[in-house]
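Q: Please take a close look at one part of this predicted model. Describe the setting of a single residue in detail, and then go on to other parts of the fold.

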Amino acid sequence: MSLFNGFNISASGLTANRMRMDVVSSNIANANTTRSQLVNGEWVPYRRKSVELSQSGVSPFQQQLQSAMNNQSSKVSGVTVSKIDEDKAPFTLSYDPSHPDADEDGYVRLPNVDPIKEMVDLMSATRSYEANITVLNASKNMFIKALEIGK
């Protein structure tokens, strides 16, 4: 294990949680976007996106193999963004016949973004980001104290 492995793990957590915050802010910004993509000549509303995280440095096959062999010497590693996925939940329908994107019945398809769910995700990402900063500062203080021993 490298001396700076803890720093690298905390940095990967900071990067991943920053990506989560970026995706949440994109979802909130596009909560009312009715024209996101042109599919088959028709505008489709914005679809909510979510971030999928996975352990970095170890492939899923390697994880399964180590757990099957009861190998306790698994490496400690950070986290990485494995995928940004679109939510397949149906769009919300709103009755507004005066809207330019209303169908012949007067309904407008709105994005499947729930602001409450986004705020919960944002709080979770923020807390994880703060926890990684705390770990980074604790590691830094440990190194500083270790250097003071040598004086």
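**Asn112 and its surroundings**

A: Apart from neighbours within four places in sequence, Asn112 is in contact (heavy atoms within 4.5 Å) with Tyr46, Arg47, Arg48, Asp87, Ala89, Pro90 and Phe91. The model is predicted, so local features need pLDDT of at least 70 and side-chain atom pairs count only at pLDDT 80 or more, while totals for chains, interfaces and linings use all residues. Residues are numbered from 1 along each chain as its sequence is written, and side-chain values use heavy atoms, with hydrogens and water left out.

Asn112 sits in the loop between β6 and α3 (115-149); helices (H or I, at least four residues) and strands (E, at least two) are DSSP runs, numbered from the N terminus. With a relative accessible area of 9%, Asn112 is buried, a term for values under 20%, with exposed over 50% and partly exposed in between (1.4 Å probe, protein chains only). A polar atom of the Asn112 side chain lies 2.8 Å from the backbone nitrogen of Arg48, and the Asn112 side chain also reaches the backbone oxygen of Asp87 at 3.2 Å.

Val24, within α1, is buried with a relative accessible area of 5%. Leaving out residues up to four places away in sequence, Val24 touches Glu118, Asp121 and Leu122. Its C-alpha atom is separated by 9.5 Å from that of Pro115, 91 residues away along the chain.

Strand β6 also has a part in the largest pocket. A pocket is an open set of points on a 1 Å grid over the protein atoms alone, where a 1.4 Å probe fits, with protein on both sides within 12 Å along at least five of seven lines; lining residues have an atom within 4 Å of a point. β2 (42-44) and β6 (107-110) each supply at least two lining residues, and β6 gives the largest share, 3 residues. The lining includes Glu42, Trp43, Tyr107, Val108 and Arg109.

Technical notes:
Polar contact = N/O pair within 3.5 Å; in protein donor to acceptor, adjacent residues only side chain to side chain.
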